[in-house]
Amino acid sequence: MHFNLNAQRPALSPLLRGAATAACLLAGVWVSPQVWAEETPATVRAASSAQIDTGAVPELRQTSSLAAGWQRGAFMEVFVRAYQDSNGDGVGDLKGLTQQLDYLQDLGIKGIWLMPITTSADGDHGYATTDFRAIDPAYGTLDDFDELLRQAHARGIGVVMDYVINHSARQHAMFASALQGPTSPFYDWFVWEKEQPKGWDIWGKNPWTVTPQGSYFGTFGPHMPDFNFKNPAVLAYHQSSLRFWLNRGLDGYRLDAVPHLVENNAKDWNDQPESRALTGELSQLIMAYPQRHVVCEATANPKLYAMPHICGSAFAFGLERNIVNAAKGDKKAIRAVADYFVSAPQTMATFVANHDMFAGARLWDQVRGNQARYKLAAASYLLQPGTPFIYYGEEIGMAGVPKLAGDEPLRAPMSWTSEPRGAGFTTGQAFRPVSPNAARYNVAAQLADPQSLLSFYKGMLNLRNTLPSLASGSYDAPQVQGRVMAYRRTLGAETTLVVINYGTKPGRITPQTLPPRAVLAQAYPVQTGPGPRSRVADARGRVQLVVPAQSVRVYTVRAGA
């Protein structure tokens, strides 16, 4: 069905037309006191004439050409706007990403996570959605999207996309209609109260915004009003929108902010049972399609959301800080990294940085350009259980752009070359300054350097892609001796031993519970010079390993004669 919005907006009093308040709201900034400001006339005209597609989308399951278990390979998180510009307008697009699929395949990537590519009000961040069934014109067309899927699948790469289910943009035509009051067909699609509720505090802010038609709720601010998931029509609409993309061949979703789908009161607003149940229902819909994948953003209780009946996978928030601190030699953090998967589901999605500043600065900035620590952090999550998500540019050591607001320092154009104006990202004027270290830390330069960060990432992903135990095996016998960590991964007859020395001096470790006379053949780094290529345990399964400072060693383990 389609709704045609032609009703007039109510007139506002001069008090509600404050220019400063309007500017803050349009910029997506919290306003205090909470008052509603009129949108620009152009925005109102666009909303009032919009055709909103709320039609039901039937399920059209398709077979998948991807290899079984593709979801356990490494993903690349891609901000399309910043990845590759194909037409010189300074903004990345889907065609540009498609042009770089060979690079991702050569790196060893098995999945791509697309940050929001649907139309949005912010024109950058992407999480203020204005149409859940349309590609942002800056990024291309549905045909471009379909071609990206075809080309990625031909290379054995799956594609998942962000779905921002908790809220819309304030400029969404549905909400523009809702602002007209209870007579709007979309008023009850959002969370309203006649009077502004008291006692609410979400991250130090009041989530309720006053309008002439009542107060609406926005977990993340007045610019992104929350949907009312107690209205069955809202759930049905989003279920159809999910199927819209799945029917085109999309391989799954990253579901955004799922603990916030339902807020019961000022005390019980985060991670409510109703939110978990809804998330589980959405995940079931997605996973009913063959070979699909779901990963959830659930910062409060990620291990719970990784359970099969909810999401199946969730980002391992908290682990990333321990990984970075372990790389700096912090003994407590090393122990935390070693112990994490003793209790965590092996379906966790691991990372060291992403597009949100609350998860940390870019890895380069966190380790202050120390490449030894950088490599230790990378190895820590690329070799452990879970599905690793690499943030675009991490594999080459991209630095954040200083003196930018909010999350913008994390979202610079990808550094493909040393070209000073656009770093190979565009032939025009890039929408944002390039990374300050692009002259040296770019793809072209690092492809030619066997000691580069890019070469290291390729080495780690090659291990993961060629040793099934590293992608899907059990996690056994984790131990820490000094600043040396060791653990085993086993799948069927294959066992791999991983040893990482986070210390700045050589370290020793005696791996636990090895088979008698086990043979440890060194798989990484590959030995090309003189010296033993394997070690043999004694009759009690003991062998002491000497590990160079700040280094990674990977061994395949087989039983001795």
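Gln291 counts as partly exposed at 25% relative accessibility, where buried means under 20% relative accessible area, exposed means over 50%, and partly exposed lies in between, computed with a 1.4 Å probe on protein chains only. Gln291 is found in the loop between α9 and β12, helices (H or I, at least four residues) and strands (E, at least two) being DSSP runs numbered from the N terminus. This is a predicted model, in which local features need pLDDT of at least 70 and side-chain atom pairs count only at pLDDT 80 or more, whereas totals for chains, interfaces and linings use all residues. Residues are numbered from 1 along each chain as its sequence is written, and side-chain values use heavy atoms, with hydrogens and water left out.

**Backbone geometry**

- Most residues other than glycine have a negative phi, and most peptide bonds are trans.
- Gln291 has a positive phi of about 60° although it is not a glycine, and Trp203, also a residue other than glycine, has a positive phi near 55°.
- Trp203 lies in the loop between β8 (192-193) and β9 (208-211), where it is exposed with a relative accessible area of 52%; its C-alpha atom is separated by 9.2 Å from that of Phe220, 17 residues apart along the chain.
- The peptide bond from Tyr524 to Pro525 is cis, with omega near -10°, and Pro525 lies in the loop between β19 (519-524) and β20 (534-536).
- Gly318, in the loop between α10 (302-305) and α11 (319-327), counts as partly exposed at 35% relative accessibility, and its C-alpha atom is 35 Å from that of Thr426, 108 residues apart along the chain.

**Salt bridges**

- The count comes to 19 salt bridges, a salt bridge being a side-chain nitrogen of Lys or Arg within 4 Å of a carboxyl oxygen of Asp or Glu.
- Asp256 forms a salt bridge with Arg254, the closest N and O atoms being 2.7 Å apart; Asp256 is buried at 6% relative accessibility, and Arg254 is buried with a relative accessible area of 2%.
- Arg411 forms a salt bridge with Asp356, with the closest N and O atoms 3.7 Å apart, and this pair links distant parts of the chain, 55 residues apart, with Arg411 in the loop between β14 (387-391) and α15 (443-447) and Asp356 in the loop between β13 (349-350) and α13 (363-366).
- Arg411 counts as buried at 2% relative accessibility, and Asp356 is buried with a relative accessible area of 10%.
- The side chains of Arg411 and Asp407 also meet in a salt bridge, at 3.5 Å from N to O, and Asp407, like Arg411, is buried.
- Salt bridges that share partners join Arg81, Asp124, Glu408 and Arg432 into one network.

**Cavity and pocket**

- The structure holds 1 cavity of 30 Å³ or more; on a 1 Å grid over the protein atoms alone, a cavity is a set of points where a 1.4 Å probe fits but cannot get out, a pocket is an open set with protein on both sides within 12 Å along at least five of seven lines, and lining residues have an atom within 4 Å of a point.
- About 40 Å³ of space lies in the largest cavity, a volume being the space filled by probe spheres set on the grid points, which are joined across faces, edges and corners.
- The largest cavity is lined by Ala353, Arg362, Leu363, Trp364, Tyr374, Tyr391, Glu394 and Met398.
- The second largest pocket has a volume of about 390 Å³, and of the 25 residues that line it, the closest to its centre are Gln71, His293, Gly312, Ser313 and Thr347.
- At least two lining residues of the second largest pocket come from each of α9 (273-287), β12 (293-296) and α17 (468-472), and α9 supplies the largest share, 4 residues.
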